[in-house]
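Here is a walk through the sheets, helix packing and domains of one protein model. Keep the structure open as you read.

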Amino acid sequence: MNIQESLENAVKDGMKTLFEVNIPSVEFQETRKEFEGDLTVVVFPFLKFVKGNPFEIATKLGNYLKKNISELSDFNVVKGFLNLTISDNYYLQSFDKINNSKNYGIKKASNDEKSVMVEYSSPNTNKPLHLGHIRNNLLGYSVSEIIAATGKKVYKTQIINDRGIHICKSMLAWERYGNGETPESTGLKGDKLAGNYYVKFDEEYKKEITSLIAKGASEDEAKKNAPILVEAQNMLRKWESGDEKIISLWKKMNQWVYDGFDKTYEELGVNFDMNYYESNTYLLGKNIIADGLKRGVFYKKEDGSVWIDLTEEGLDEKIVLRADGTAVYMTQDIGTAIQRFKEYPDLDSLVYTVGNEQDYHFRVLILILKKLGYAWAQHLYHLSYGMVDLPSGKMKSREGTVVDADELIIEMTDTARSISQELGKLESYSEEEKEKLYKTIGLGALKYYILKVDPKKRILFDPKESIDFNGNTGPFIQYTYARIQSILRKVDFDYSKKITNITLHQKEKDLIKLLDYFKEIIYNSALNLSPALLANYTYDLVKEYNSFYQILPILGNDNLQEKILRTQISNQVGNTIKNAFKLLGIDVPERM
RNA sequence: GCCCCUGUAGUUCAACGGAUAGAAUAAAAGUUUCCUAAACUUUAGAUCUAAGUUCGAUUCUUAGCAGGGGUACCA
């Protein structure tokens with residue numbers, strides 16, 4: 001609340017007047033429900049500056065504040081906690097402010113703000129997207145939206161990993177065993193078709209290894225010399241030298257995969273402002289290495305490979321260029337980052353949404369860029385998130401142990417359908433409207449399930465236990481929104497009038513407090529790159545509203561003043577749910 | 001070996017160093033003449049261990065223990 005700022009100053013003044021000390025900062029917290037009051041000043045930290053009994057200090061301070069701050073209606077002291085009661089009129093005023101701003105808490109993009117690039121998704125073009133990618137996409141998209149809501153311009157981007165040995169593997173397997181299959185001929189999504197051949201390659205590769213070992217080769221030799229692998233490597237060389245036949249096969253199969261991805265992205269509701277392709281960026285960075293070598297940032301080993309020594313920073317030595325002069329992953333990441341800041345002069349910072357298995361890589365990358373002297377390197381962030389694991393362990397596309405993204409979305413929609421049909425509240429809806437709703441609810445459940453968890457934490461997903469639709473879930477929040485819309489449809493009076501001089505119910509105060517908090521939550525979520533904060537806030541708001549809804553009559557109230565205020569609160573809770581969910585990439589239904 | 005992340009009710013998640021650690025789910029009981037019961041109200045249940053810092057530690061420090069990841073001329 002804004003009152004917190006004026007109170008902070010008043011507390012400082014009070015401590016100065018009463019005890020002649022300067023307090024550097026004041027700690028406020030919500031008053032716990034079991035105590036009387038709205039806002040609490042923690043007095044304990046003041047003991048460093050004033051000797052004495054915390055209870056007495058708090059009491060003196062309370063008297064001072066009550067005298068000097070008109071919005072304060074009362075106070076009480078428990079131990080070292082000074083509980084302040086804010087007047088109802090102050091609540092009504094701050095609610096009026098919320099009501100009058102169009103999308104409270106959401107800042108429009110302004111031109112003076114610097115822009116942020118968020119990279120996420122970044123798929124390989126040899127296999128379909130799975131649950132792990134879903135987490136990545138939801139996080140990246142949501143963080144982009146949240147940052148944008150703080151007024152910054154955001155570029156959403158993905159770098160598509162469209163080249164390399166793994167791509168050649170599925171190309172080779174298709175060439176050998178595909179019999180000219182296409183997405184059209186099989187009816188399969190293109191990414192699924194390509195993925196099947198990636199799996200096929202691995203099967204054949206394993207067979208060859210087994211047979212080589214049977215013939216007396218060692219395991220290492222067998223892995224290295226399996227003919228199918230040698231052939232794939234050969235294909236990669238041809239690709240790099242621009243062999244027309246290979247390039248055209250590569251283009252064809254990649255296009256299949258892009259078409260498939262586009263469908264999945266559309267289902268998920270994520271999008272990008274621009275794409276980068278690794279086939280365009282994989283040679284970047286080499287000149288930077290050469291330059292850094294001259295300046296002594298890097299050093300060359302006898303065999304010609306180039307390294308950086310990060311032992312002073314507590315890390316290891318890291319290779320940045322191979323002995324044969326070819327680039328490694330790090331090389332192109334260095335080059336790509338530099339290129340992006342060149343291409344977008346308004347760019348201030350860059351967020352990489354990448355799994356925590358690459359924590360080390362990004363620490364090194366950021367450090368190298370700093371050492372190379374790029375000032376913007378201190379605004380690079382790795383949005384690192386935990387893996388989504390199955391009870392059986394890690395998901396591996398090669399071995400087919402994955403939860404497929406498209407299938408999961410379908411399953412969630414199916415569950416929503418069957419629950420909804422059982423409840424049977426949608427008589428007036430057409431089949432088309434119903435199907436759209438089922439998808440909204442199913443995706444809402446999935447997205448919320450993933451986003452409510454702190455990104456850092458790993459998620460263990462058990463396909464046997466389906467994702468909940470009750471409790472702290474997306475559908476619970478969507479349901480509350482739908483109920484609010486139902487109320488608003490029934491309103492037959494004007495509720496635009498500002499309400500003053502009314503005694504507020506505790507539930508009304510709690511809701512106004514929470515609504516007010518929305519702005520701060522967005523700011524915190526952006527700062528911490530954590531949609532989970534926003535998700536949990538929304539849940540708290542909804543929980544509070546449902547309790548309010550149950551206890552207090554809204555439309556059935558005889559008192560017009562109260563009726564108007566409660567309708568306004570309902571409306572505002574609805575708006576906040578909708579806006580919060582929009583930042584999470586989740587839709588809300590008008591009824592369900 | 002070294003480095004990073006995570007350990008909270010049976011399970012899934014919360015808690016700027018603050019009061020009696022909150023929710024959900026599963027369990028038990030209740031609430032529909034009343035704005036959508038996908039809701040609400042009760043009951044029972046947890047901070048990995050040990051030291052330390054602090055008026056106060058789930059939170060910070062150190063040492064263990066457990067799980068995950070990294071430490072490649074793979075990406």
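H17 passes H20 in a left-handed crossing. Left-handed means that the near helix is turned anticlockwise from the far one by less than a right angle; clockwise would be right-handed. Helix H17 covers residues 474–490 and helix H20 covers residues 560–584. Helices here are DSSP runs of H or I with at least four residues, strands are runs of E with at least two, and both are numbered from the N terminus. The axes of H17 and H20 are 9 Å apart, and the packing angle is about 140°. Axes are lines fitted to C-alpha atoms, for helices over the stretch in contact, and angles run from 0 to 180 degrees between N-to-C directions. H17 and H20 are therefore oblique to each other. The classes are roughly parallel under 35 degrees, roughly antiparallel over 145, roughly perpendicular from 65 to 115, and oblique for the rest.

The model is predicted: local features need pLDDT of at least 70, side-chain atom pairs count only at pLDDT 80 or more, and totals for chains, interfaces and linings use all residues. Residues are numbered from 1 along each chain as its sequence is written, chains are lettered from A and ligands numbered from 1 in the order in which they are written, and side-chain values use heavy atoms, with hydrogens and water left out.

H20 also packs against helix H19 (residues 531–551). Their axes come within 10 Å and cross at roughly 155°. H19 and H20 are therefore roughly antiparallel to each other. This crossing, too, is left-handed. On the H19 side the contact includes Leu 534, Leu 541 and Tyr 545; on the H20 side it includes Val 573, Ile 577 and Phe 581. Contact means heavy atoms within 4.5 Å. By class, the contact of H19 with H20 has 14 nonpolar residues, three polar and one charged. Nonpolar covers Ala, Val, Leu, Ile, Met, Phe, Trp, Tyr, Cys and Pro; charged covers Asp, Glu, Lys and Arg; the others, Gly among them, are polar.

Now the sheets. Five strands form an open sheet with parallel pairing, in the order S7-S6-S5-S11-S12. Two strands pair if DSSP finds at least two bridges between them. Strands S7 (274–277) and S12 (380–385) are the edges, each pairing on one side only. The twist averages 25° from one strand to the next. Inside the sheet, S5 (residues 115–119) and S11 (residues 347–355) pair over five bridges. There, Ser 115 stands opposite Leu 347 of S11. Helix H14 (residues 359–371) lies across S11 and S12 and runs at about 180° to S12.

A second open sheet has three strands, ordered S8-S9-S10, and its pairing is antiparallel. Its edges are S8 (299–300) and S10 (317–321). S9 (residues 306–309) joins S10 over four bridges. Val 306 has Leu 321 of S10 as its bridge partner. Helix H12 (residues 286–294) packs on this sheet, touching S8, S9 and S10, and its direction makes about 125° with that of S10.

Last, the domains. Chain A is assigned domain 1 (2–86) and domain 2 (115–299 + 326–389). These bounds come from an automatic or database domain assignment. The C-alpha centres of domain 1 and domain 2 lie 55 Å apart.
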